[in-house]
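Hi,

Here is the structure I promised to pass on.

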Amino acid sequence: MKVYKPEWHCTFSVNESAEQSASWKERIAWLMRDIADRLDGSGRTIKIDCDVTPGVSRQDVDSCLGKGFEVTQSLLMQLAHQAACEDVMRDAKAELFEEDYQH
């Protein structure tokens, strides 16, 4: 009886700048991304590298990335809500946030 063993590999990395070992082409690409960010003034450029074996469709990769960004947006919304609540509390009950507050 033959035993089948599935094998797969996935690497996923997100970069916000060139790595120190980057080639001159990569450095130029990052310089261009930096210039584009400055021109736009309201964004953040990231580079996503994804290598999956056996291969999956570009559509599946895009779908996974979209779902990941949906989760990211949800987490950021929660953080924003918490920060807004803390701002209100700091304004309404500043004494609770003083370093040497005595109970």
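This is a predicted model: local features need pLDDT of at least 70, side-chain atom pairs count only at pLDDT 80 or more; totals for chains, interfaces and linings use all residues.

E99 sits in the segment after α2; helices here are DSSP runs of H or I with at least four residues, strands are E runs of at least two, and both are numbered from the N terminus. With a relative accessibility of 81%, E99 counts as exposed (buried is under 20% relative accessible area, exposed is over 50%, partly exposed is in between, with a 1.4 Å probe and protein chains only).

Residues are numbered from 1 along each chain as its sequence is written, and side-chain values use heavy atoms, with hydrogens and water left out.

Now the overall picture. The chain has 2 helices and 2 strands, and along the sequence they come in the order β-α-β-α. The chain is more spread out than a compact globule, because its radius of gyration is 22 Å, well over the 13 Å that the globule rule gives for 103 residues. That radius is taken over C-alpha atoms, and the rule is 2.2 Å times the number of residues to the power 0.38. Along the principal axes, the C-alpha atoms fill a box of roughly 70 × 50 × 25 Å. Buried residues make up 4% of the 103.

Some more totals for your files:
- The accessible surface of the chain is about 9,500 Å², with 56% of it belonging to carbon and sulfur atoms (Shrake-Rupley method, 1.4 Å probe; for residues, only the protein chains shown count as cover).
- Of the contacts in the chain with a separation of 6 or more, 55% are between residues 24 or more positions apart (contact means heavy atoms within 4.5 Å).
- There are 12 positive and 19 negative side chains, and the centres of the two sets lie 11 Å apart. Lys and Arg count as positive, Asp and Glu as negative, while His and the chain ends are not counted; the charge is placed at NZ of Lys, CZ of Arg, CG of Asp or CD of Glu.

On to the strands. N15 belongs to β1 (residues 9–15) and is buried, at 16% relative accessibility. Leaving out residues up to four places away in sequence, N15 touches W30, T45, I46, K47 and D49. V52 is in β2 (residues 47–53) and is partly exposed at 26%. What does V52 touch, not counting residues up to four places away in sequence? The answer is H9 and C10. V52 and C10 are 42 residues apart in sequence, yet their C-alpha atoms are 4.4 Å apart. One to check by eye: the peptide bond from T53 to P54 is cis, with omega near -5 degrees, and P54 lies in the loop between β2 and α2.

Finally, the helices. Just after α1, G41 has a positive phi of about 75 degrees. In α2 (residues 58–92) you will find E86, which is partly exposed at 37%. E86 and F97 are 11 residues apart in sequence and 9.9 Å apart, C-alpha to C-alpha.

Cheers
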